[in-house]
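Visitor: I have not seen this structure before. Could you show me how to read it, one feature at a time?

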Amino acid sequence: MMAGAGEDARALFRAGVRAALEAWPALQIAVENGFGGVHSQEKAEWLGGAVEDYFIRNADLELDEVEDFLGELMTNEFDTVVEDGSLPQVSQQLQTMFHHFQKGDGAALREMASHITQRKCKVKATALKAAKETDGDQDDADSVEEMEVTATNDGATTDGVSPKPEPSDPNSQNIKEEDIVEDGWTIVRRKK
């Protein structure tokens with residue numbers, strides 16, 4: 001292969017890698033929502049070069065190695081675990097493009113990159129709204145506990161996880177006024 005043809009194929013491979021990554025919904029969502037921090041867009045651009053170099057340095061990669069590499073990059077750079085089934089698809093696209101690059105098949109690389117770009121769709125992630133709004137200063141553990149606490153008719157609260165005591169049980173635990181604290185929480189005491 002001549003040096004000029006090799007450079008052209010490398011440029012086409014680079015363009016194909018970038019097209020595949022830009023069309024990847026998981027990466028689009030991570031960049032759009034800043035999962036990689038304030039420099040998410042720069043990280044996405046760097047990712048294209050990192051993937052290209054990975055293929056160039058490792059000529060005989062298996063599909064699972066490519067998947068592991070992409071998954072690791074997404075986890076490390078964007079704090080994102082990809083579980084939507086797209087890792088194998090993107091890995092296969094990249095591996096196919098690399099095989100075309102190795103054969104010097106510029107026409108196939110151009111066609112793949114064009115096909116990927118045409119199929120690319122814009123994705124937008126939307127946050128799910130919680131059924132009950134919580135104060136901004138509460139952490140996740142408080143939110144879980146808050147969901148476990150339910151109100152009763154008289155305004156007192158009981159722990160929604162434990163069953164209500166049977167009235168016929170002489171050792172049953174009744175909620176006392178001093179057990180209800182200011183913010184509506186109930187102090188749960190052990191039986192003696």
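Guide: Start with the secondary structure. This is a predicted model, and its protein chain holds 7 helices and 2 strands.

Visitor: Which pattern do they follow along the sequence?

Guide: The order is α-α-α-α-α-α-α-β-β.

Visitor: How much of the protein chain is buried?

Guide: Of the 192 residues, 33% are buried. The accessible surface of the protein chain is about 13,300 Å², and carbon and sulfur atoms account for 50% of that area.

Visitor: Which residues have the most contacts inside the largest nonpolar core?

Guide: They are Leu-21, Trp-24, Leu-27, Val-51, Leu-70 and Leu-94, in a core of 35 residues. At least two core residues come from each of helix 1 (3–22), helix 2 (25–32), helix 3 (40–57), helix 4 (63–78), helix 5 and helix 6 (106–119). Helix 1 contributes the most, with 7 residues.

Visitor: Which residues does Leu-94 touch, leaving aside neighbours within four places in sequence?

Guide: Leu-94 is in contact with Phe-13, Val-17, Ala-20, Val-51, Phe-55 and Leu-70. For the protein chain, among contacts between residues at least 6 apart in sequence, 62% join residues at least 24 apart.

Key: Residues are numbered from 1 along each chain as its sequence is written. This is a predicted model: local features need pLDDT of at least 70, side-chain atom pairs count only at pLDDT 80 or more; totals for chains, interfaces and linings use all residues. Side-chain values use heavy atoms; hydrogens and water are left out. Helices (H or I, at least four residues) and strands (E, at least two) are DSSP runs, numbered from the N terminus. Buried means under 20% relative accessible area, exposed over 50%, partly exposed in between (1.4 Å probe, protein chains only). Contact means heavy atoms within 4.5 Å. Accessible areas come from the Shrake-Rupley method with a 1.4 Å probe; for residues, only the protein chains shown count as cover. A nonpolar core is a set of buried Ala, Val, Leu, Ile, Met, Phe, Trp, Tyr and Cys residues joined through side-chain atoms within 4.5 Å.
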